[in-house]
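Please look over the sequence and the structure before reading on.

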Amino acid sequence: MEGKRHITNRILVLRAEKGLSQKEVADLLGVSRQTIISLEKNKYNPSLKLAFDIALLFEVDLTDVFQYKKEGE
């Protein structure tokens, strides 16, 4: 596979659209607020289950939350 890839997400944008705080999202997902902070800063990649739970919470497709991009994109 050419070029290094990384996962990015739109959690911050989706959370703002729903008017939810980081703590509210964390509580709804059963994770810590620190997990949400790390996800929003792209410092942590969620488990597959958590990724699907996030998409379900925001009522969007998984690919509307997470993108798998080449570095520099």
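Axes here are lines fitted to C-alpha atoms, for helices over the stretch in contact, and angles run from 0 to 180 degrees between N-to-C directions. The helices themselves are DSSP runs (H or I, at least four residues), numbered from the N terminus.

The model is predicted: local features need pLDDT of at least 70, side-chain atom pairs count only at pLDDT 80 or more, and totals for chains, interfaces and linings use all residues. Residues are numbered from 1 along each chain as its sequence is written, and side-chain values use heavy atoms, with hydrogens and water left out.

H2 passes H3 in a right-handed crossing. A crossing is right-handed if the near helix is turned clockwise from the far one by less than a right angle, and left-handed if anticlockwise. On the H2 side, the contact (heavy atoms within 4.5 Å) is made by Gln-22, Lys-23, Val-25, Ala-26 and Leu-29; on the H3 side, by Arg-33, Ile-36, Ile-37 and Glu-40. Five residues of this contact are nonpolar, one is polar and three are charged. In this classification Ala, Val, Leu, Ile, Met, Phe, Trp, Tyr, Cys and Pro are nonpolar, Asp, Glu, Lys and Arg are charged, and the others, Gly among them, are polar.

## Helix H4 and its partners

H4 packs with H2 at an angle of about 115°, with the two axes 10 Å apart. The crossing of H2 and H4 is right-handed. Val-25, Leu-28 and Leu-29 of H2 meet Leu-50, Asp-53, Ile-54, Leu-57 and Phe-58 of H4. By class, this contact of H2 with H4 has seven nonpolar residues, no polar ones and one charged.

H4 also meets H1. The axes of H1 and H4 come within 10 Å and cross at roughly 30°, so these two helices are roughly parallel to each other. H1 passes H4 in a left-handed crossing. Ile-11, Leu-14, Arg-15 and Lys-18 in H1 touch Ile-54, Leu-57 and Phe-58 in H4. The contact of H1 with H4 has five nonpolar, no polar and two charged residues.

## Salt bridges

Side chains of opposite charge can pair when their charged atoms come close. How many salt bridges does a search of the whole structure find? There are four, each a side-chain nitrogen of Lys or Arg within 4 Å of a carboxyl oxygen of Asp or Glu. One of them joins the side chains of Glu-40 and Arg-15, at 2.6 Å from N to O. Glu-40 lies in helix H3 (residues 33–40) and Arg-15 in helix H1 (residues 11–18), so this pair ties together parts that are 25 residues apart in sequence. Glu-40 has a relative accessible area of 15% and is buried (under 20%; exposed is over 50%, partly exposed in between, with a 1.4 Å probe and protein chains only). Arg-15 is also buried, at 13% relative accessibility.

Another salt bridge links Glu-59 and Lys-18, at 3.1 Å from N to O. Glu-59 lies in the loop between helix H4 (48–58) and helix H5 (62–65) and Lys-18 in helix H1, so the pair ties together parts 41 residues apart in sequence. Glu-59 counts as exposed at 65% relative accessibility, whereas Lys-18 is partly exposed at 40%. A further salt bridge, between Lys-23 and Asp-27, has an N to O distance of 3.0 Å. Both of these residues lie in helix H2 (residues 22–29), four residues apart, about one turn of the helix. Lys-23 counts as partly exposed, at 48% relative accessibility.

## Two further residues

Thr-35 is found in helix H3. Is Thr-35 buried or exposed? Thr-35 is buried, with a relative accessible area of 19%. Not counting residues up to four places away in sequence, Thr-35 touches Tyr-44 and Leu-50.

Glu-24 lies in helix H2 and is partly exposed, with a relative accessible area of 38%. The C-alpha atoms of Glu-24 and Glu-71 are separated by 31 Å, and the two residues are 47 residues apart along the chain.

Terms used: Angles under 35 degrees count as roughly parallel, over 145 as roughly antiparallel, 65 to 115 as roughly perpendicular and the rest as oblique.
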